[in-house]
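Here is a short briefing for a reader meeting this structure for the opening time. Look over the sequence and the model, then read on by topic.

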Amino acid sequence: MKISFGADRMFVLSGGKLLTEGTPREVFADRALLSANRLDVPLGIRVRDTLRDAGIPARYVDGYVAANFGTNYETEKAATYISNVKDSNAHAWVEVWFDG
């Protein structure tokens, strides 16, 4: 399942029929519906949930990498930077808290 990072709402369709809609959190929380329709939550969310089930504090984080500014931002710190950010610049990861 391809997801859009930062989406406010998601719609899940199957055979031209709307299965569910809601925020990504609401849609991915209904694992039974997703599984019944041969869909799954993103790997990072599954890893986060597995860690949490084991009592390890974890969170799922997503974002974009902005690249190719076309200027030397190390020497021009007060400048404004413009970058084309594409879906291919999207990334996600799981952060884990280990005490100590």
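Which exposed residues does the face of α3 turned away from its buried side carry? They are Leu-43, Thr-50 and Asp-53. Keep in mind that this is a predicted model.

**Helix α3**

- Helix α3 spans residues 43-53. Its buried residues are Gly-44, Ile-45, Arg-48 and Asp-49.
- These four residues cover an arc of only 135° around the axis, so they sit on the same side of α3.
- An α-helix has 3.6 residues a turn, so residues three or four places apart point the same way.
- Several elements cover the buried residues of α3, including α1, α2 (31-36), β3 (58-64) and β4 (90-96).
- Gly-55 follows α3. The phi of Gly-55 is positive, near 85°.

**The nonpolar core**

- Eight residues make up the largest nonpolar core. They are Met-10, Val-12, Val-27, Phe-28, Leu-34, Val-41, Ile-45 and Tyr-60.
- Two elements, β1 (10-14) and α1 (24-29), each give two or more residues to this core.
- Ile-45 belongs both to this core and to the buried residues of α3.
- In soluble globular proteins, nonpolar side chains tend to be buried together.

**A nonpolar patch on the surface**

- Phe-11, Leu-13 and Leu-18 form a nonpolar patch on the surface. Together they have about 340 Å² of accessible area.
- Leu-13 has its place in strand β1. With a relative accessible area of 58%, Leu-13 is exposed, because exposed means over 50%.

**Salt bridges**

- The count of salt bridges comes to five.
- One of them joins the side chains of Arg-31 and Asp-49, at 2.2 Å from N to O. Arg-31 lies in helix α2 and Asp-49 in helix α3, so this pair ties together parts that are 18 residues apart in sequence.
- Arg-31 is partly exposed, with a relative accessible area of 34%. Asp-49 counts as buried, at 16% relative accessibility.
- Asp-49 also forms a salt bridge with Arg-48. Their closest N and O atoms are 2.8 Å apart. Both Asp-49 and Arg-48 are buried.
- Through shared partners, salt bridges join Arg-31, Arg-48 and Asp-49 into one network.
- Another salt bridge links the side chains of Asp-40 and Arg-46, at 3.4 Å from N to O. Asp-40 is partly exposed, at 37% relative accessibility. Arg-46 is partly exposed too, with a relative accessible area of 36%.

**The segment after β4**

- At 57% relative accessibility, Trp-97 counts as exposed.
- Trp-97 touches Ile-56 and Pro-57, leaving aside residues up to four places away in sequence.
- Trp-97 and Pro-57 are 40 residues apart along the chain. Their C-alpha atoms are separated by 5.5 Å.

Definitions and conventions. Residues numbered from 1 in each chain as written. Predicted model: local features only at pLDDT ≥ 70, side-chain atom pairs only at ≥ 80, totals over all residues. Heavy atoms only, no water. Core = buried A, V, L, I, M, F, W, Y, C linked by side-chain atoms within 4.5 Å. Buried < 20%, exposed > 50% of the residue type's maximum accessible area, 1.4 Å probe, protein only. Patch = residues over 30% accessible without salt bridge, like charges linked within 9 Å, V, L, I, M, F, W, Y side chains within 5 Å. Areas by Shrake-Rupley, 256 points an atom, 1.4 Å probe, with all protein chains shown as cover. Salt bridge = Lys/Arg side-chain N within 4 Å of Asp/Glu carboxyl O. Arc of directions from axis to C-beta. Contact = heavy atoms within 4.5 Å.
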